[in-house]
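Welcome! Take a moment to look over the sequence and the structure, and then let us walk through some of the features together.

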Amino acid sequence: MYIKKVVIEGFKSYREETSTDPFSPKVNVVVGANGSGKSNFFHAIRFVLSDMFQNLRSEDRGALLHEGAGHSVVSAFVEIVFDNSDNRIPVDKEEVRLRRTVASKKDEYYLDGKHVSKTEVMNLLESAGFSRSNPYYVVQQGKIASLTLMKDSERLDLLKEIGGTRVYEDRRRESLKI
Ligand code: ATP
Ligand code: MG
């Protein structure tokens, strides 16, 4: 499974609906002038896939909405189109669309147009190998150094996430709580 396409509208510097060409399942490189929106683009991807941007306050949401002289927006969305030809997401579809919308008062997730909870999204992503707390598939500045400096136990946790097994450990722990 890999990210095939990203569609952004109203998010940070992306006012108009902007859609990428299909990505390669291998390595993709984003280039552009300073201030052209590269970091915002990766922020948009992490906004949908990572659990770092949960429990947003109203002002956090406001900062994500495009603001410009006379043309600010009231809502935004980022949609990630996954290539699911390997059926890592257990639905019989070649393509799966995960969209997160944001407005000043709320933010929500939609899977192929159907409203889904944050927990459902995070579990689905993790079992499909898209680790949520450590989005290794977006290599941020300083990430390589931090991987080499991690404790062995932290690296093991990361491997469990990448392998998609940690979610089962979490569920097992939850089920034993009763
Ligand atoms: P660099 O090469 O310098 O790292 P970059 O391509 O990563 O640049 P970004 O940081 O993604 O650029 O984009 C910065 C631009 O996004 C700035 O011009 C900033 O004003 C604009 N921007 C950020 N948030 C918003 C927002 N909420 N509304 C409108 N524009 C925004
Ligand atoms: Mg940048």
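## Starting from F11

This is a predicted model. Setting aside neighbours within four places in sequence, F11 is in contact with A44, L64, H66, A76 and V78.

As background, nonpolar side chains tend to be buried together in soluble globular proteins.

## Strands side by side

Now follow the strands. β1 and β3 are paired antiparallel, over 7 bridges, and K5 has V81 in β3 as its bridge partner. β3 is also joined to β4 by 9 bridges, and these two strands run antiparallel as well.

## A look at α3

Which residues of α3 are buried? They are M122, L124, L125 and E126. The cover over the buried residues of α3 includes α1, α5 (152-163) and α6 (166-176). After α3 comes G129, with a positive phi near 90°.

## Around ligand 1

Finally, turn to ligand 1, which has 14 residues around it. S13, N34, K38, S39 and N40 come nearest. α1 gives the most to this shell, with 3 residues. By type, the shell divides into 10 polar, 3 charged and 1 nonpolar.

How values were computed
Residues numbered from 1 in each chain as written. Chains lettered and ligands numbered in written order. Predicted model: local features only at pLDDT ≥ 70, side-chain atom pairs only at ≥ 80, totals over all residues. Contact = placed C-beta atoms within 7 Å. Buried ≥ 20, exposed ≤ 12 C-beta atoms within 10 Å, placed from the backbone. Helix = DSSP H or I, 4+ residues; strand = E, 2+ residues; numbered from the N terminus. Near = placed C-beta within 6 Å. Nonpolar A, V, L, I, M, F, W, Y, C, P; charged D, E, K, R; others polar. Pairing = 2+ DSSP bridges.
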